[in-house]
Each structure stands twice: as structure tokens, then as C-alpha cells.
Amino acid sequence: MASTEVIKNYIDGSWQDSSSGGRIEVDDPSNGEVIAVVAEAGPEEVQLAVAAAHRVFRDRVLIDMHPYDRGRMLFRIADALDARVEEIATINCVETGKAMDLAYGEVQTAIRYLRYYGGLADKLEGRSIPRGANLVDYTLRSPFGVSAQIVPWNGPLELTARSLACAIATGNSVVVKSPELAPLSGIEMARACETAGVPAGAVNVLTGYGQTVGQALIEHPDVRHIVFTGSAATGRTVLKAASERIVPCIMELGGKSAAVVYSDADLDSVVEAVRIGSFLNAGQNCNNLSRLLVERSIAGELLQRIKACVDGFSVGPGRDNCHITPMISQKQRQGVERACQTAISQGAKVVTGGTALAERSGYFMPATVFADVERQSNLFKKEVFGPVLAVTTFDDPAMAVDLANDTDQGLAAGVFTRNIDRALWTADRLWAGQVYVNGWYVGGVETPFGGVKQSGYGREKGQEALDGYVQTRNVGITISAPRDSFGQSGAV
Ligand code: NAD
């Protein structure tokens, strides 16, 4: 994939170099080799992109389009991705380091978001409010204007698709800030928009660093809506900037998601949940399964089974579809290693893993499992964002729920039991935006997703997501001639 061509930013329907001449090298996390060079956008490019998106809004280009046609435009973007699905999956796999099957799934999910919200574009309706004979009253569900969408590197295509699709379906125009560590998938989304004939300026894609492009974007006076997906730390910075101009935000932040495993659980399904939930994409998923709370009587057996599964993992590049693929960067891996060292010093017991696979050239960290993780451990409360599972035991359901909820985050949670009453009791009390029963990643494009507590607010996915992209406006009409002034209407 390596090429000397500098990949440009997509602004106002054309490909533009950065005025500063800055460049970002994109590397393959499995070996550290540079695979592409991208023009580094700066504040000047933010000005151009926001001006273009604002013009589209001011001129009512998307608002006045029939919603059915906005939907068809999203279908065409989906078709453009679909036509190159293998190629785009390869790009996504190489830039993020994730397994090829996962990257393929990411492109498919992006396509589904575009088709799902394309289908909903003409189904978002207001209300007519009865107010007596002399008034007509109705609501409009109006777009905000320019929606700034800031995307992290762990799902750069599907996370771009899910916000962009909602925004376009509802008539907003979009400026995407792609992640500097994995910008190529966002570029592919821009190419698909170009192929689909999206009006110039309706979708703009910039690649640059958070502190420059991201910050300039969230501070821009014409940005009227922000979708931020990323860490809670950056989320706080975004909210501070947004508060200056009272800009509404959708905040999709990190998690510390726990699964409660009761003694009657099907342990095969728990091990499978760990396999996918804790370790796919090197554990770099916001709703990954990072804590397992296990009823004491089965903890020994379950840990043995998990260790056997994990020790059988293949380790290698995503293109070989290995189970343990590299982390996104050396910095990210070092952070995970430090978290493991701290956990050990706090008394957590290593079951497997814990130190980086330094003999490899890429940023590999083995699947790591810790037992005896206590409440005061860093692994219990802080997101690690790597392939690290913390196991803690409990004695009764109340203790399990208390342990699960004892974090500042609440993105996902799970419960494993064959007892439906206990499953429902627990699911009701696990304080998280999405709860899985007897599985992990049970949600889909159609199911609302988002955090409680410091995992964020607003919802993405599902029909509920559209609520975050419109604001209700109300129109009241006075009828000058009262409706009863024309006499009796006769039969009804
Ligand atoms: P991050 O917060 O470091 O960066 C996210 C994005 O914000 C990047 O594009 C970055 O360039 C940008 N950014 C950084 N500083 C900025 C600033 N001052 N102003 C504006 N933008 C700025 O997060 P990350 O390391 O890229 O991603 C991992 C995090 O994202 C994890 O915490 C993970 O849980 C979370 N995440 C959440 C979801 C979700 O849907 N809830 C999905 C994926 C990832």
C-alpha cells in the first residue's frame, strides 16, 4: 500500500493540500513501517471546511432536499463503499492493525449505518398539537447546522459512518476530524461521498492533530453541533470549548465494562465472550469486556478455562487474521504495560501475559489476565484500552452488582446465568448504557448505544440516535377567521 503520493484533505468537494505543507506519516502497527503520507490539516483548513459546510446549511441545500433523496444519497455512499469493500477493508486492517475479518466487518457495519439511516431519513416526523379553533400548531425537527465530528482510531470507518449518516439524514452538514493515527479510512469515506455525488461542502474530511485541527474545529463560531467519540480526558476539553458557545454535544467516551458470571452460567459462552469481548482488536474497543466478576465457587475452573483459551491464541499481524493483533502505537502499548505493572504492585495476580512482546517489531501486547483484582486496583476503575482482563470474585448478587457499578464509567455491562429471573434482576441494576445477557457485543446497528455516568451522553445507533441530530422547533399559527365563522358544516 505504501505510496509516495501525499493524500489530501477533502474540503468543499475537492482534494486540498494543507497550506502549512505539514505531513502525517501513517504506519502499520504490526511492523512500524510507513504505509502512507497524509497532508496535515491546520486551522486554515478548518476555516475552509467549516465555511463550506456552513454555506451548505445557510443555502438550505440539504434541508430543502426531499428527505427521501437525502436517504438515497446515503444509499449511494453505501454503494460506493460496497463496490470497494475488499480494498477498503485492507486499508482499514493495515492502518489500525486489526484482524482482516474485523476490518471487513467494520466496512460492512459502516455500510449498514448508511443504509439504516438512509431508510430512516424520510420517517422523522414532527407533531401537530391541537390548540382549539383559532390556532394551528406544529413542530419541526430541524438540523443544527455544521456538525463537527471527531473520530478515534479504533473504528475509524464505522464511527465516521454512524455519525455522518445521522447528520446527513437529518439535513446537517458535516466536518469530520479523522484520527491522526488511522486517517486513511476517513479518506475512503470522503471518496465514497465524492462518488455518490454528495453536494460540495456537505461532507468535509480533515486529517490533523487533536490539539490543532480538533481544537480549532470545536472552537469555530459556525460549528453548531459536536459529536465527540474518544477518551473522557479529551471529552472534558471538548466540553469546555463547547460550553463557551453553548454548543450541544454527543459524547461517546470510554468504559470499564464488567460482566457478572453466576455459578450456573454456561462457561463456554463466558469463555467465548472473553475471547471476543476482551481480546479482539487487542482489547481496543470502547465497550470491551475489561472486568469479569465471578461467583467464588466457580472462579478457579473459569480461570483455568480462560487461560487455556488465551494461551492458544495466535499472535501476529491483522492481515494474517491472528487473534492477538498489534496495538495502535508504541505509546499506547507502553501505557498498557505501565497499567499492568501498577496492578501487580497493588496485589493483582498475573494469570497470563502482563509484559509487551518486545521481540516483535510491531506494537504487540499479549492477551493478559489478572486475578484477585481488588476495588482499589487501577485495573478496577480506570480504562486501560488494551488486551487486559481483570477478574474479581463475589459472594452474592448484591455484591456482584455493587462491584460492577463501582466505577465512574458505564458504557456496557453483562450477566451470565441460566436463571432468567436473576438475569433480569441483574440487567436492571447494572448501571450501563447497554447490557448483554449470556454473550458480549450483543448490540447492533439498530440498538441504541452510549454511556451513563462519565462514559458520556447522547445516543448513537438505533432510531434514538436521530434525536441527537435535530432540535425541535415549534410553529404556532393564528387563524384570523375563526374556524366556526363559516357556519355549521352539516353532516359529519
Ligand atoms: P482521544 O480522546 O485521544 O482522541 C479522540 C479524538 O479526539 C482524536 O481524533 C484526537 O485527535 C481528537 N482530539 C484530541 N485532542 C483534541 C482536542 N483538544 N480537541 C478536539 N479533538 C481532539 O481518544 P483515542 O485514543 O483516539 O480513542 C480511544 C478512546 O475512545 C477510548 O477511551 C475509547 O473507549 C473511546 N471510544 C469510545 C467509543 C464510544 O462509542 N463510546 C468508541 C470508540 C472509542
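1. Two strands are said to pair if DSSP finds at least two bridges between them. Helices (H or I, at least four residues) and strands (E, at least two) are DSSP runs, numbered from the N terminus. On this basis, E7 pairs with strand E8 (residues 173-178) in the parallel sense, over five bridges. Within E8, Val174 is the bridge partner of Ser147.

2. The model is predicted: local features need pLDDT of at least 70, side-chain atom pairs count only at pLDDT 80 or more, and totals for chains, interfaces and linings use all residues. Residues are numbered from 1 along each chain as its sequence is written, and side-chain values use heavy atoms, with hydrogens and water left out.

3. Strand E7 (residues 146-150) is largely enclosed by the rest of the structure, because five of its five residues are buried. Here buried means under 20% relative accessible area, exposed over 50%, and partly exposed in between (1.4 Å probe, protein chains only). The cover extends to both faces of E7: Val146, Ala148 and Ile150 are buried on one side, and Ser147 and Gln149 on the other.

4. Which residues come nearest to the ligand? Of the 28 residues around the ligand, these are Arg162, Lys177, Glu180, Ser231 and Glu383; a residue is counted as near if one of its heavy atoms lies within 4 Å. By class, this shell holds 13 nonpolar, 10 polar and five charged residues. Ala, Val, Leu, Ile, Met, Phe, Trp, Tyr, Cys and Pro count as nonpolar, Asp, Glu, Lys and Arg as charged, and the others, Gly among them, as polar.

5. An N or O atom in the side chain of Lys177 is 2.6 Å from an oxygen atom of the ligand. For Ser231, a polar side-chain atom lies 2.6 Å from a ligand oxygen atom, and a polar side-chain atom of Glu383 also lies 2.6 Å from an oxygen atom of the ligand. The ligand taken alone exposes 850 Å², of which the protein buries 91%; these areas come from the Shrake-Rupley method with a 1.4 Å probe.

6. The ligand lies between domain 1 (6-253 + 455-475) and domain 2 (257-437), because both give residues to the shell around it. The domain bounds come from an automatic or database domain assignment. Helix H7 provides the largest share of the shell, four residues.

7. Val442 is in the loop between strand E19 (434-437) and strand E20 (452-453). Val442 is exposed, with a relative accessible area of 51%.

Key. Polar contact = N/O pair within 3.5 Å; in protein donor to acceptor, adjacent residues only side chain to side chain.
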